[in-house]
Structures are given as structure tokens and as C-alpha cells.
Amino acid sequence: MALADTERGVSNCGDSGSPFSEIIELNVGGQVYVTRHTTLIAVPDSLLWNMFNKKSPKELARDSKGRFFLDRDGFLFRYILDYLRDLNLVLPDYFPEKSRLQREADFFQLRDLAKRLSPRVSKDNSISEEISQSDTEEGAQQCGSSGGIETLRAMSVSGAMRSPSLDSRKSGYITIGYRGSYTIGRDIQTDAKFRRVARITVCGKTALAKEVFGDTLNESRDPDRPPERYTSRYYLKYNFLEQAFDKLTEVGFHMVACSSTGTCAYTSNDPNEDKIWTSYTEYVFCRD
């Protein structure tokens, strides 16, 4: 009953003038975060500052468990929260989601963070050195028609040379696994009934898995794994092995090994009944 009129929290020792608890639970796109109230209001005039400073708990949306709900990207919100803690941002070596994170920063009205993520003003390798379309258009206008074309060509080559996909790719291994089953009747040659692959699992370094599969990677079973750590709990949002293989091939991986195991069981004690085979197969991919 304590959660009926107050936000979810483990302490009510926040500012005496604030109706919010010191510790606040958030549900951001299905991902649960626990943070301090002071962290959420660290940047004045931001969206979170207005939500948790200008409004009352009753005015904010909740989920079924009483957590404050935000319908945004739950994975990228971890970087928003990291920024709010000390107003600094450290991204993994390979981070292909910069443009999406910039969009989240714009949504949460974090102007300084959005400016840091903008490729137009970035000067160092910590964020991005990609060339934006507006930069190339301005260069073409300043140099005239013929000079503009040469400028575009030079900038395009320069951008390609600095592209993370070309010179910053990490080597490593990714293992793709799947569990399938099929039924073989008494007439083994003609009565095989295959079931579709239930789930394709992804094992390997977190940063590599996100680089390869991007939005098609389901991280719900291991949502807070740091980029430099390894996981065996990710799986894909589709059930086609060939689609996974295509993704790996496109970014330079090749298969180096595979293995499979199987078990057999009868649907009943009658040996004449159908046999159910269950198999587990793994494919190991490597990028040098």
C-alpha cells in the first residue's frame, strides 16, 4: 500500500520540499533502472528535470508495478543516465548507435550532450569523426560547382578512411546456436515432420554482438552487460539461420567450426509410435 500514492523507492529521505523519494525506479522501454532523484534533475530545464522537479508523482505515467514509465529506447537510456551522473560521456570503442543516442539526447532536452554527439562539431575520436551531409553541401557551395565536386570527393574519401567499419573493427569470435526438433514416423524415408527453429542464440563479446546484429539482437535476458564483457544469453528476433549468417558475412566474419548433438525419445511407450529427435547445433564464426 505504500506505493499507492508515492513513487517506487527504497527511501523517503529525499529533499524535504520534494514529493519524490531519494531513490527512484524507472521503466524505460521495458528496461528497469534505479537511480537517485538528484541524478534525474541534474540538468536544469531538461525533460527529466521538468518531470521530477515541476510535476507531482501523480501526474507521471506508471507501469503495472508502480515504476515511472518512459516509452523510449531502454538500451540507450543507460548512456543518458551515465551522462546525468557526472555530466560526462564515455562510449565503447565501437558504438554504431551514435545517431540514435543523439536523437535520445534531443528528446530528453540535453543540449550539451546532443552537441557532443553531433558529427558536425565533434573534433576528437571519443565521439565521432563522420562527415554530415550538411557539411558536404556547405563545402560544395563555398568552392563553386567544379571545386565543390572535388571537395565532396576528397571529403568522401577522407570519411571512408576514418570509418569505424574499415579500420576500427575488432577481431573476435561469435557463436550462433539453435535448438530444433523433428518427428520421424515408422516410415523414416517419407514421414519426417520438422518444426521451425524456436530461437537462435548469440554467444560472444557484447560489443561484437551489437555491432553485427544491431536492432535485431534481443538483450532482454542480459540487458546490462558491459560492452567489454562476454554473454551467452542474447538471442535474435528472427528464426532464419541464413539471415544470421548473412549479417556475419557482411561485417567480415567467416565460419571456422560447427558441432551438433541430438537426442531421441518416443512419444509413448509403444516403440512403433513416432520418434521425436531434439538437436542443438552451434556455428563458430571468426573475424581476424
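**Notebook: a first look at the chain**

I started with the surface. The protein chain has an accessible surface of about 16900 Å², and 48% of that belongs to carbon and sulfur atoms. Such areas come from the Shrake-Rupley method with a 1.4 Å probe; for residues, only the protein chains shown count as cover.

I noted the ground rules next. This is a predicted model, where local features need pLDDT of at least 70, side-chain atom pairs count only at pLDDT 80 or more, and totals for chains, interfaces and linings use all residues. Residues are numbered from 1 along each chain as its sequence is written, and side-chain values use heavy atoms, with hydrogens and water left out.

I looked up the secondary structure. The chain has 9 helices and 10 strands. These are DSSP runs numbered from the N terminus: helices are H or I of at least four residues, strands E of at least two. Of the 288 residues, 40% are buried (under 20% relative accessible area, 1.4 Å probe, protein chains only).

I then turned to the sheet. Three strands form an open sheet in the order S2-S1-S3, with mixed pairing. Its edge strands are S2 (31-36) and S3, each pairing on one side only. Two strands pair if DSSP finds at least two bridges between them. S1 and S3 are parallel, over 3 bridges. I found Phe69 in S3 as the bridge partner of Asn27.

H3 lies across S1, S2 and S3 and runs at about 5° to S2 (axes are lines fitted to C-alpha atoms, for helices over the stretch in contact; angles run from 0 to 180 degrees between N-to-C directions). Why is H3 largely enclosed by the rest of the structure? Because 7 of its 10 residues (77-86) are buried. Phe77, Tyr79 and Leu84 are among them. Leu87 follows H3 and has a positive phi, near 55°.

Of its 34 residues, Leu26, Leu48, Phe52, Phe77 and Leu101 touch the most other members. H3 gives the most to this core, with 6 residues. Apart from it lies another core of 21 residues, including Val202 and Phe245.

Last, I visited Thr216. Thr216 sits in the loop between helix H8 (206-213) and strand S7 (217-218). Its relative accessible area is 19%, so Thr216 is buried. Leaving aside neighbours within four places in sequence, Thr216 is in contact (heavy atoms within 4.5 Å) with Tyr235, Leu236, Lys237 and Tyr238.

Conventions
Buried means under 20% relative accessible area, exposed over 50%, partly exposed in between (1.4 Å probe, protein chains only). A nonpolar core is a set of buried Ala, Val, Leu, Ile, Met, Phe, Trp, Tyr and Cys residues joined through side-chain atoms within 4.5 Å.
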